[in-house]
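Me: I'm new to this structure and would like a close look at a single part: the place where the two chains come together. Could you walk me through it in one connected answer?

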Number of protein chains: 2
Amino acid sequence: MKEHSSEYLDSLKAIIERHDEEEARKAIADLHPADIAELYQDLDLEEAEFLYRLLDDETAADVLMELDEDDRHKLLSAMSTEDIARQVVHLDTDDAVDIIQELDEEDRDEILAHIDDVEQAGDIIDLLKYDEDTAGGLMGTEMIVVNENWSMPQCIQEMRRQAENLDDIYYVYVVDNDYRLLGVLPLKKMLTHPSVSKIKHVMETDPVAVKTDTPIDDLTLDFEKYDLVAMPVVDSIGRLVGQITVDDVMDEAREQSERDYQLASGLSGDVESDDTLFTQTKARLPWLLIGILGGIGNSLILGNFEGAFAVNPAMALFIPLIGGTGGNVGIQSSAIIVQGLANGSLDVKSSAKQIFKELGVGLLNASIISLLVFVYNVFALGPTQVTTIAVSLSLFAVVVFASVFGTFVPLTLEKFKIDPALATGPFISITNDIIGMVIYMLISSSLLAAFGTVA
Amino acid sequence: MKEHSSEYLDSLKAIIERHDEEEARKAIADLHPADIAELYQDLDLEEAEFLYRLLDDETAADVLMELDEDDRHKLLSAMSTEDIARQVVHLDTDDAVDIIQELDEEDRDEILAHIDDVEQAGDIIDLLKYDEDTAGGLMGTEMIVVNENWSMPQCIQEMRRQAENLDDIYYVYVVDNDYRLLGVLPLKKMLTHPSVSKIKHVMETDPVAVKTDTPIDDLTLDFEKYDLVAMPVVDSIGRLVGQITVDDVMDEAREQSERDYQLASGLSGDVESDDTLFTQTKARLPWLLIGILGGIGNSLILGNFEGAFAVNPAMALFIPLIGGTGGNVGIQSSAIIVQGLANGSLDVKSSAKQIFKELGVGLLNASIISLLVFVYNVFALGPTQVTTIAVSLSLFAVVVFASVFGTFVPLTLEKFKIDPALATGPFISITNDIIGMVIYMLISSSLLAAFGTVA
């Protein structure tokens, strides 16, 4: 990974300060657009805008794509729709759509009106109609398409013509006269069968393809499973309408796993370490407040047993142990389910089997844990103390409950098409904390009522 | 994503049961190796072995690669080293190395001895030397390499020869006479410059390349940043030694994010929803036991203040609130750091800045939270109650501490090259729970000692 040295940054900032356009151009001439985009993290907005104005339209467009959303938004709001249009025409349609989608309705229409190439503008308008979370929302229309009846030389000639508009060639798609996808032509076939009379004789039939409405999560798993670098997208009657490339899929996979991770950590909304103090607080406060509500709920539950604490203050000492263990167990169970659903190894159809198995794991863990704590408390408190017995009984019940609950909730959410990752982290730990306290208090006070404080 | 229907599975199982080899072959003839591998999840070992024996060596090798590690291990232990060797020769060297690496030393040597192609065996032996977590451990040696001084026709002829051994062509690498990497030839240049006299005139110079000892996490970020489908690997003096492809990188990225997620959820070791009850318990019990130790530690700390609970039982009611909030805040802070380090947006060099900023976020959250709880307690308990004041003061201190601590620990681990994800989940929540209790008890008992239980 390339990192900009602080010497380089200092000299660049000095060049920008004295508005030396020529030197600035030289300083960034050899940089990849992704590296130029990275510079923006270390420059203030004015410096960044100065650099950005020096770029040719094509590089500027690439840099725009590589910026993170906040920085891009700042740059775009300072630009005229005409300038934006002049740059996005250099992007692949899927990238152009990503940028145009971030703008408001009015700006969108103006930009589209400024695009001279009607075919390109039309493609962008078509792509804007698809749901962002589906194959249609991720695909681009740039790809090489040949007819099944062409010969290899014809095919290569056509590829040469089409290649002008492409950054990279992944696969060549073969269609029939109605543009229905029939097969894929791996590039090595061009080399190994240079003079075949009809492409259909050497193409690979039955290619892995997705429909425009396939959810992105599913096609990500397909890319991983079949080791693809690109995948064709077809409409409901099998006509080729676009292509999804692996770089977009990798970005999506990263975002998906970051989203799951953030939900599991009690962060709402996409938050980064370099976000402002207020963005961070906004993303963090909601779950903290829900936790506070849970904690206050807990205090109300415990309040009903305040008399018991006065009689037997040792009860209070084990509140963190029981609440914490319930939370930990629940988080483990839900994480296994969320991960299994995300990587495709678990199917919601096998819910019953999974819950039953989790019951086994829960019983095993519960037995070990409550026995160990019992042995400790026999020495720490004494074997006939109500607390000794209440703590181990409660731990047993809490661990079994939290295991099953942590499995049941995400599976149920998935069944109702709600993101199962919502059921991880704070939600599970707060719920289990409260239920743990209820169980502990009920067991303790029943035992106290039955036996009193036996010394 | 293709899923095997239960009708298909039932009929396949029936075919296997009557040992009808011909029908079984037909039933799986059209399946992709990845789909055959997926069948194994629904078959018992004996059924799977029956199917596996019907496959030709090349398909069998591909299926082997697609199986998950446990299933592969079972199949491999039932095979002779000669059979294994006959299959792995059909794999790319990087995949062959992955499989051979899973076997014990003795089997490895036998397999290598059974590989007839000395060059291939030599490549595998070379690759086995690299650390698994580096570029060297991930790369394969299959790639197309041309000399800078060749013409395009010469180059295409060479590609035709080399293509026989390749599944896919990603890039063509250009080297000098000493095999030092000079550039990359995008495939579209073959189309757009069919008759160039020397490749070096059309190649792209200064390609993104990594050294053999580059950590995998770094190169994953490079693939994402530069939108690559493959990347050349060079030795310390710049000679081309291998290629890493995007499918392997995607698998690594998935594993990395699953590892982080598991650590954050208190799972040690790689655990899947379909693992056995004992594997699951083994992965889950360690953190639960550490949690239990933490809980017992907490009970000892609270035990020192047992007298205070007897005098003022209301104190006990807020134990879950304070412990839980500390845990939640700490998990959020550490998750932001771990994620920032994983996606490259955060650099350990800016630690001081990050901790300072986190102090700001912590102070803001702490003010809001302690004020809200104070208002609640004024109504619930009364404004002059010691508990009302102690709870809000403690919450303030705990939130600020947990924010800074949750930022500091993963940054410090990263500095010492220890996986920062270790500092998430249970570790952070248990530590903050304990420290929360200490703070709460110290503040409460000081206030009690100073003012007594004011009604």
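**Where the chains meet**

Reply: Happy to. In this predicted model, 117 residues of chain A are in contact with 116 residues of chain B. Between them, chain A and chain B bury an area of about 10,500 Å², and carbon and sulfur atoms give 61% of that.

Let's start with one pair of helices. Helix 16 of chain A, residues 277-303, packs with helix 20 of chain B, residues 351-380, at an angle of about 35°, and their axes are 10 Å apart. The crossing of these two helices is right-handed. On the chain A side, the contact residues of helix 16 include L285(A), L288(A), L289(A), I292(A) and I296(A). From helix 20 of chain B come, among them, V361(B), L364(B), I368(B), I369(B) and L372(B). Taken together, the residues of this contact divide into 15 nonpolar, 5 polar and 3 charged.

Now turn to a second pair. Helix 19 of chain A (residues 319-342) packs with helix 15 of chain B (residues 246-264), this time at an angle of about 165°, with the axes 11 Å apart. An angle over 145° counts as roughly antiparallel, so helix 19 of chain A and helix 15 of chain B are roughly antiparallel to each other. Their crossing, too, is right-handed. Here A335(A), V338(A), Q339(A) and A342(A) meet R254(B), E258(B), Y261(B) and Q262(B).

For one to find in the viewer, look for E38(B) and K225(A), which form a salt bridge with their closest N and O atoms 3.1 Å apart.

For context, the whole structure has 34 salt bridges over all chains. One that lies within chain A joins E47(A) and K13(A), where the closest N and O atoms are 3.8 Å apart. That pair links distant parts of the chain, with E47(A) in helix 4 (residues 45-54) and K13(A) in helix 1 (residues 6-17), 34 residues apart.

Conventions: Residues numbered from 1 in each chain as written. Chains lettered and ligands numbered in written order. Predicted model: local features only at pLDDT ≥ 70, side-chain atom pairs only at ≥ 80, totals over all residues. Heavy atoms only, no water. Axes fitted to C-alpha atoms, helices over the stretch in contact; angles between N-to-C directions. Helix = DSSP H or I, 4+ residues; strand = E, 2+ residues; numbered from the N terminus. Parallel < 35°, antiparallel > 145°, perpendicular 65-115°, else oblique. Left-handed = near helix turned anticlockwise from the far one by under 90°. Contact = heavy atoms within 4.5 Å. Buried area = accessible area lost by both parts, 1.4 Å probe. Salt bridge = Lys/Arg side-chain N within 4 Å of Asp/Glu carboxyl O. Nonpolar A, V, L, I, M, F, W, Y, C, P; charged D, E, K, R; others polar.
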